[in-house]
Amino acid sequence: MTTRIWTTRLDSNTAAFKSAFGNLSEAQLNWKPDPQTWSIAQNIDHLIVINKTYYPVIQSVREGTYTLPLIGKFGFMVRFMSKVLLNAVQPDRRKKMKTFPVWEPSSSTIAGDILERFGDHQEDLKHLIINSQDLLEKGTLISSPANRNIVYKLETAFEIIVIHEQRHFAQAREVLEKLNTASL
């Protein structure tokens, strides 16, 4: 498995976010059509928050201190959880999902440099993926940073990350469309 698959898609995701939202002001990035909907900035912040929760898991695997939960010993459960999670994060957004509390974005105003921070984060994430080639080749299993009983292959984690970013890009685009309508 080559890491280029994910790094190329991360570059595409980053470019899409910057192209769609790069000319917005801090107020526009933080605008919400209603209290239940995340702003564009909150969607981006959420991606940074969730992606960073994988770093300590991968570091622990690398250091040899990671312990896989018992459920990870059952291949059929690992495959089942992988399939369910990949389906859940698809960009089509037919089903709304509630995120785990650990992955909630900031509820306050997010600084206007969020896209710059997102770009920097994406570069860090790409390095993490590239440096995980040896773990990918071993078929390393990890558990979700939000729930240790959700276990999947590291390659599935990277796939989830990339697709999840696309899902939140679509969500942020919907907010932008509402913002443009409200501004008219």
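Biologist: Which residues are exposed on the other side of α1?

Modeller: R4 and S19 are exposed there. Please note that this is a predicted model.

Biologist: And which residues of α1 are buried?

Modeller: They are W6, T7, L10, N13, T14, F17, A20 and F21. Viewed down the axis of α1, these buried residues lie within an arc of 165°, so they line one face of the helix.

Biologist: Why would residues spaced like that point the same way?

Modeller: An α-helix has 3.6 residues a turn, so residues three or four places apart point the same way.

Biologist: What span should α1 have, and what does the model give?

Modeller: Helix α1 covers residues 4-21, and at 1.5 Å a residue its 18 residues should span 26 Å. The end C-alpha atoms are 25 Å apart, which agrees.

Biologist: How does α1 pack with α6?

Modeller: The angle between α1 and α6 (residues 114-130) is about 175°, and their axes are 10 Å apart. Angles over 145 degrees count as roughly antiparallel, so α1 is roughly antiparallel to α6.

Biologist: Which residues meet there?

Modeller: From α1, W6, T7, L10, D11, N13, T14, F17, K18 and F21 take part. Their counterparts in α6 are L115, F118, G119, Q122, E123, L125, K126, I129 and I130. By class, the contact of α1 with α6 comprises 9 nonpolar, 5 polar and 4 charged residues.

Biologist: Turning to α3, is that helix mostly covered or mostly open?

Modeller: Mostly covered: 11 of the 13 residues of α3 are buried. Among them are I40, A41, I44, L47, I48 and I50, as well as D45 and H46. Helix α3 (residues 40-52) reaches 19 Å from its first C-alpha to its last, close to the expected 18 Å.

Biologist: At what angle do α3 and α4 pack?

Modeller: Helices α3 and α4 (residues 54-63) pack at about 15°, with their axes 4 Å apart. They are therefore roughly parallel to each other. I50, N51 and K52 of α3 make the contact with Y54, Y55 and P56 of α4. That contact of α3 with α4 has 4 nonpolar, 1 polar and 1 charged residues.

Biologist: Finally, the whole chain: how many helices and strands are there?

Modeller: The protein chain has 8 helices and 2 strands, in the order α-α-α-α-α-α-α-β-β-α. Of its 184 residues, 45% are buried.

Biologist: And what share of the contacts comes from residues 24 or more positions apart?

Modeller: Such residues account for 82% of the contacts in the protein chain with a separation of 6 or more.

Key:
Residues numbered from 1 in each chain as written. Predicted model: local features only at pLDDT ≥ 70, side-chain atom pairs only at ≥ 80, totals over all residues. Heavy atoms only, no water. Expected span 1.5 Å × (residues − 1). Buried < 20%, exposed > 50% of the residue type's maximum accessible area, 1.4 Å probe, protein only. Arc of directions from axis to C-beta. Axes fitted to C-alpha atoms, helices over the stretch in contact; angles between N-to-C directions. Parallel < 35°, antiparallel > 145°, perpendicular 65-115°, else oblique. Contact = heavy atoms within 4.5 Å. Nonpolar A, V, L, I, M, F, W, Y, C, P; charged D, E, K, R; others polar.
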